[in-house]
Amino acid sequence: MRRPGGRQSQQTPASPLGHDDARPNVLFLLTDQERADLVEPGGLPVETPNIDRLRESGTWFDRAYTPTSICTSARASLLTGLYPHAHGMINNSHEADAIRTELPEGLPTFGELLAGAGYENGYVGKWHVGRTCGPEAYGFEYFGGSDDHHDDLDERYRRYLESLDVDADSETVTDAVYADDGDEEMLVSGTTSLPPEATRTYFLAELTVDAVERRATNGDAPFFHRTDFLGPHHPYVVPEPYASMYDPDDVEPWPSYAETFDGKPRAHDRYRRYRGVDDFDWETWAELVSNYFGFVTFIDDQFGRILDALERTGLADETVVVHAADHGDFTGSHRQFNKGPLMYEQTYRIPLVVRDPRTDTVEESDAFVRLHDLMPTFLDWADAETAAETHARSLRPLLSGDEPDDWLDSVYAQYHGDEFGLYSQRMVRTDRYKFVYNGPDRNELYDLREDPHELRNLAEHPHYEDVREAMGERLAAWMDDVDDTLAGWVPKTL
């Protein structure tokens with residue numbers, strides 16, 4: 001169904017900013033490790049009125065996927081429009097075993113291309129695409145919120161806490177749950193003693209509201225603003241009332257919690273031990289999931305503050321708003337914590353909603369799309385120069401329901417490893433099937449129509465031999481199409 005928008009793009013009058021540029025402003029709100037099933041239409045019972053508000057006046061992409069479920073790699077793909085093997089940041093840049101600590105020089109990024117097209121670019125929050133080069137190196141003015149990695153307390157946040165008469169070192173965490181991998185304990189969940197307005201989550205929204213208000217009074221060109229929230233990534237430490245908003249007793253076990261690991265790659269079972277959660281029962285997971293839900297609602301409330309600022313400043317009718325996540329989170333699905341060498345829907349399918357008030361849009365698209373498709377989409381809205389080489393396509397025609405005849409009929413993703421070492425995986429997903437190539441172990445095949453929770457690996461089932469061969473051929477075609485560095489080897493093993 002097509003939903004009427006505001007003004008048609010070709011009829012957009014001069015903006016209240018005082019310029020006659022008809023190109024839209026763009027506000028991009030990225031979350032870290034947010035599952036799609038929390039915010040999809042008819043999804044889990046989690047209160048997200050502001051994402052709902054975007055979705056109900058915009059377009060929900062029901063089949064949006066990350067190119068990889070690792071923070072640095074996914075964010076580098078978003079910036080460049082390339083799969084990880086092409087930009088080279090195949091694992092997290094902050095770790096000691098990082099293959100690359102910065103993006104290669106000379107790779108075009110959407111920030112630089114937007115700046116070259118006359119956009120004023122702002123950035124708030126998490127970066128995590130390099131150790132030394134931050135957003136300023138890629139066409140953005142950085143307003144703060146995080147330093148090199150999300151564990152740092154940047155000076156501006158410290159000053160903000162002082163303005164609230166809050167001691168940065170006074171925070172305590174109660175109801176804490178830890179994962180123990182045998183070497184150390186890691187905080188997974190808890191309740192912070194800080195009030196909501198003293199948390200970094202609230203602070204990031206405060207910086208964003210300030211940026212929006214400045215654009216409304218001082219801007220003389222269209223703007224692109226990006227805010228990267230640091231949650232709902234673990235540790236799921238949230239303030240009241242959000243920590244008590246969801247009762248663990250009301251949280252039903254995920255259907256995939258019935259995982260037995262029978263017929264699965266050995267890494268799946270062992271990864272629970274590596275993450276230190278192999279002894280977590282559902283009672284423990286329910287406590288963590290309830291805090292994760294509270295974290296999502298807390299961030300959603302900050303979205304509301306930002307959207308209200310757009311309305312209050314008169315910018316809403318000329319600002320495209322996009323919400324996505326870099327990847328998802330297991331939170332007990334398949335009995336797993338975090339993400340890793342498991343290419344399940346919970347970590348690879350992401351939320352993606354676009355509200356363009358200037359034109360008619362469809363309520364929902366079931367086309368396969370990728371996080372890094374946003375790179376050429378941003379440039380398309382800006383009438384900006386596009387990168388010469390990209391693995392992505394603009395989503396703009398999908399918003400109006402005009403799906404091109406040659407649009408993707410499957411989605412492809414990669415995984416190269418995390419801090420435990422390199423681990424090659426490739427995935428292709430069609431309407432019905434998912435096939436996963438696991439370099440060090442057995443492959444996976446799931447019939448998502450019959451087994452939507454991916455509990456039965458059919459890769460060695462004789463009745464699915466033809467499907468396995470067809471999916472292997474499709475995977476090989478994808479690898480050739482994007483010049484995957486493993487394209488000369490993987491097809492020989494399928």
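Thr 331 lies in the loop between β10 and α9 (345-348), where helices (H or I, at least four residues) and strands (E, at least two) are DSSP runs numbered from the N terminus. The model is predicted, so that local features need pLDDT of at least 70 and side-chain atom pairs count only at pLDDT 80 or more, while totals for chains, interfaces and linings use all residues. Residues are numbered from 1 along each chain as its sequence is written, and side-chain values use heavy atoms, with hydrogens and water left out.

**Backbone geometry**

Although Thr 331 is not a glycine, its phi is positive, at about 45 degrees. Thr 331 is buried, with a relative accessible area of 1%; buried means under 20% relative accessible area, exposed over 50% and partly exposed in between (1.4 Å probe, protein chains only). Glu 454, in the loop between β17 (444-447) and α12 (465-481), also has a positive phi, of about 55 degrees, without being a glycine. Glu 454 is buried as well, at a relative accessible area of 1%.

Eight strands form an open sheet of mixed pairing, in the order β5-β4-β8-β2-β10-β11-β3-β13. The edges are held by β5 (141-142) and β13 (364-370), each of which has a single partner strand, so one side of each is left without a neighbour in the sheet. Two strands pair if DSSP finds at least two bridges between them.

Strand β2 (residues 25-32) pairs with β10 in the parallel sense over seven bridges. Asn 25 has Thr 319 as its bridge partner in β10, and Phe 28 stands opposite Val 322 of β10. With strand β11 (residues 352-355), β10 pairs in the antiparallel sense over four bridges; there, His 323 has Val 353 of β11 as its bridge partner.

Is strand β10 enclosed or open to the outside? Seven of the seven residues of β10 (residues 319-325) are buried, so the strand is largely enclosed by the rest of the structure. In a regular strand the side chains alternate between the two faces of the sheet. In β10, Thr 319, Val 321, His 323 and Ala 325 point one way, while Val 320, Val 322 and Ala 324 point the other way, and all are buried.

**Helix packing**

Helix α8 (residues 282-312) lies across β2, β8 (223-232), β10 and β11 and runs at about 160 degrees to β8. Helix α1 (residues 49-56) packs against α8 at an angle of about 50 degrees, with the axes 7 Å apart. Axes are lines fitted to C-alpha atoms, for helices over the stretch in contact, and angles run from 0 to 180 degrees between N-to-C directions. The angle makes α1 oblique to α8, since angles under 35 degrees count as roughly parallel, over 145 as roughly antiparallel, 65 to 115 as roughly perpendicular and the rest as oblique.

On the α1 side, Pro 49, Asn 50, Ile 51, Arg 53 and Leu 54 make the contact; α8 contributes Asp 300, Asp 301, Phe 303, Gly 304, Leu 307, Asp 308 and Glu 311. Contact means heavy atoms within 4.5 Å.

A nonpolar core is a set of buried Ala, Val, Leu, Ile, Met, Phe, Trp, Tyr and Cys residues joined through side-chain atoms within 4.5 Å. The largest core has 73 residues, of which Phe 110, Leu 352, Leu 374 and Phe 378 touch the most other members. Helix α10 (residues 374-381) supplies its largest share, five residues. Not counting residues up to four places away in sequence, Phe 378 touches Val 26, Phe 28, Phe 110, Leu 114, Phe 224 and Val 322. Another core, of 61 residues, lies apart from the largest one, and among its members are Val 177, Val 296, Phe 298 and Ile 299.

Leu 204, in helix α6 (residues 200-218), is buried, with a relative accessible area of 0%. Neighbours within four places in sequence aside, its contacts are Val 124, Gly 125, Gly 144, Gly 145, Thr 227, Asp 228, Phe 229 and Leu 230. Leu 204 and Asp 228 are 24 residues apart in sequence, with a C-alpha to C-alpha separation of 8.1 Å.
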